[in-house]
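Please look over the sequence and the model first.

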Amino acid sequence: MRLSIPPALLSVLLRASSNAFAPTFRASPSQPLYLVPSTVGRSRSRLVTPSSFAFSTSSNYIYTLRGGSASRSSSTTSSSELNMSAERPFVTWTFDKHCETMGWSPAPTASLSAVSVAADDRSVDDADLVIVGVFAPPAKDDDKESNDDEKEEMDPIVFNGKAKQLDEMLGGALTELASDNSKAFQNGRCVGTLTPALRVVVPGGGKARRFVLLGLGPKAKEKDGVIPKVESATIMKAASAVASACHDQKKVKSCNVLLPPGIVEGISSTGMLADFSTEFFSGLHVDNRYRTGKKVEVKAEDVESVKLYLELSEEGDVASDYDAAISSGAAIARGCSLTKDIVNAPHNVLNSESLADTARRVAEESGGSITCEILGKEECEARGMGAYLGVARGSETEPQFIHLTYSPPNGDVKKKVGCVGKGLLFDTGGYNIKTSMMELMKFDCGGAAAVLGAARAIGSLKPEGVEAHFIVAACENMISAKAFVPSDILTASNNKTIEILNTDAEGRLTLADALVFADKECGCEKIIELSTLTGACMVSLGTKLCGVWTDDDGLAKEIEDVSKATGDKSWRMPLAKEYADQLKSKIADISNLGGPYGGAITAALFLTEFVDKKKPFAHIDIAGPVWDKEKGEASGFGAKLVTDWVRKQGE
């Protein structure tokens with residue numbers, strides 16, 4: 001708070017002041033004085049000019065700059081209290097320098113392994129926590145949704161195989177556990193539901209063990225002699241539930257998970273394990289980078305090992321196959337973790353330069369399978385990237401055009417693909433400033449996060465047959481004397497001119513030059529692009545699905561398949577050419593904004609202007625699912641989808 005002092009009172013105040021340093025005040029018509037409440041241990045207010053304050057922590061005095069001269073006032077605050085600790089909770093900017101690096105969340109420390117029951121059936125119950133997966137009885141053909149007030153009669157749960165032996169060994173305790181919790185557990189009808197823990201003390205002074213039932217949904221019925229396969233979504237929900245149980249059950253060091261016969265029906269055991277591993281480790285991810293003290297949370301901090309026991313109808317895979325599958329899933333989980341970290345990072349940590357540093361670290365971690373190229377403003381200008389640089393001009397940090405290239409180990413390339421991600425580290429809207437949701441605009445780099453997270457996973461998985469280019473034009477959309485404004489005409493690197501009607505339609509401008517780069521300079525044969533591009537897509541599809549725009553039916557099918565396999569849900573949207581008229585400009589080749597309706601479609605149509613029309617290209621708008629509103633953090637959406645799509649290109 002500050003109060004302006006009328007000139008008539010100035011001389012009275014100065015004469016009345018008992019402050020020994022009052023003579024240092026100098027009044028002038030051009031520099032008024034203000035009355036400011038003291039904040040450094042003094043009981044009376046101080047007279048200051050609107051100059052900055054400089055603090056000296058080497059003595060017990062605080063020097064206050066007043067119109068170029070300095071006076072000092074005694075302070076009761078010690079130098080140790082004023083001095084900022086050298087060890088801060090996280091790396092961030094200083095007043096004069098931006099942050100140059102972003103910390104990564106550490107991987108969970110618990111180990112995950114798998115074994116078949118046939119190979120080791122004696123130690124299933126030898127753990128602090130034993131989780132028994134159960135299928136609910138098959139749904140009846142005439143089952144209908146019951147009203148909440150009606151009590152639906154359920155068939156009793158039936159244990160099979162090793163689970164049946166465990167139940168008999170425990171005197172029917174597992175059956176009783178399911179019965180006692182029938183209302184909530186419903187015999188495992190809902191995938192991922194858990195019962196409370198049953199504590200069992202082993203006779204003879206052995207350690208107490210806890211048993212928990214895990215619902216896997218209704219057991220599928222045979223159709224024409226074929227049992228439908230278990231969906232990947234079921235495996236992933238079960239894995240997430242296991243991670244939750246490991247966290248909720250405190251002081252548990254070891255956990256065994258018994259999965260029933262039929263869990264790998266229609267899919268390979270290694271495929272199931274990879275999915276389980278990805279979701280299990282993702283479920284243990286927690287971002288503590290900006291927390292201190294009691295706010296720090298570690299998921300399943302006491303758990304050292306988790307072992308899966310599989311009851312297989314046929315023994316085909318060996319232990320090394322299991323280990324490889326789990327390792328593969330863990331690599332994808334690390335990619336998802338990086339995706340979450342990037343989106344979660346605040347702007348005082350994450351900017352174009354700290355994101356470029358992250359990309360370099362991804363390449364270093366890959367062991368040589370990924371190379372990193374960062375183009376600065378000179379290189380971007382030489383390529384004519386006027387659309388991207390127009391947005392980047394307003395940023396504090398220099399533009400960083402990120403290009404990661406993955407090459408297969410054997411050098412045999414069947415397909416060259418491009419993965420482009422929108423990298424707006426923060427979006428104020430520019431001079432068309434946002435009026436809502438600005439506190440969430442750190443997630444406007446969600447496309448870049450998904451692409452870099454996928455690059456991290458691909459660098460570990462090292463798939464054969466595919467060369468992948470991961471491209472991000474990183475910058476911020478800020479307001480400054482250099483920032484672009486409505487009515488500017490920008491020229492993209494394919495020489496297409498763009499009239500700026502709205503500075504908050506900036507993401508498509510950065511993507512324009514990134515797409516030209518992927519198409520022309522990298523020579524990618526297929527290109528997918530992910531971005532948090534429009535609120536219109538959120539209105540259409542909500543917060544659980546991303547929208548897919550493409551003219552290529554084959555590419556659309558590929559994305560649909562990997563979407564179902566990974567759980568990153570998508571929906572194909574119309575690329576209606578008749579809406580292209582909305583992008584017409586009277587003074588340039590194209591404008592950056594369409595009409596008030598169909599905004600997600602016109603945004604997609606804009607992007608098609610920067611890719612060869614004959615080349616398969618898909619725009620994927622992830623604005624809805626990029627953020628988990630309930631948890632208040634990034635969802636990690638897109639990393640699994642991009643990873644799986646790239647892997648399949650080499651097959």
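The second largest pocket has a volume of about 600 Å³. On a 1 Å grid over the protein atoms alone, a pocket is an open set of points with protein on both sides within 12 Å along at least five of seven lines, and lining residues have an atom within 4 Å of a point. Grid points are joined across faces, edges and corners, and a volume is the space filled by probe spheres set on the points. The lining of this pocket has 30 residues, of which Lys434, Asp504, Leu533, Thr534 and Gly535 are the closest to its centre.

This is a predicted model, in which local features need pLDDT of at least 70 and side-chain atom pairs count only at pLDDT 80 or more, while totals for chains, interfaces and linings use all residues. Residues are numbered from 1 along each chain as its sequence is written, and side-chain values use heavy atoms, with hydrogens and water left out.

Which helix gives the most to the lining of the second largest pocket? H14 does, with three residues. Helices (H or I, at least four residues) and strands (E, at least two) are DSSP runs, numbered from the N terminus. The chain has 17 helices and 24 strands.

Helix H15 covers residues 553–566. Its 14 residues reach 20 Å from the first C-alpha to the last, close to the 20 Å expected at 1.5 Å a residue; the expected span is 1.5 Å times one less than the number of residues. Buried residues of H15 are Leu555, Ala556, Ile559, Val562, Ser563 and Thr566. They lie on the same side of H15 because they cover an arc of only 135° around the axis, the arc being that of the directions from the helix axis to the C-beta atoms. An α-helix has 3.6 residues a turn, so residues three or four places apart point the same way. The face turned away from the buried side of H15 carries the exposed residues Asp553 and Lys564. Here buried means under 20% relative accessible area, exposed over 50%, and partly exposed in between (1.4 Å probe, protein chains only). In the chain of 651 residues, buried residues make up 50%.

A cavity is a set of grid points where a 1.4 Å probe fits but cannot get out, and the count comes to one cavity of 30 Å³ or more. The largest cavity has a volume of about 60 Å³. Among the residues that line the largest cavity are Cys246, His247, Lys250 and Asp302.
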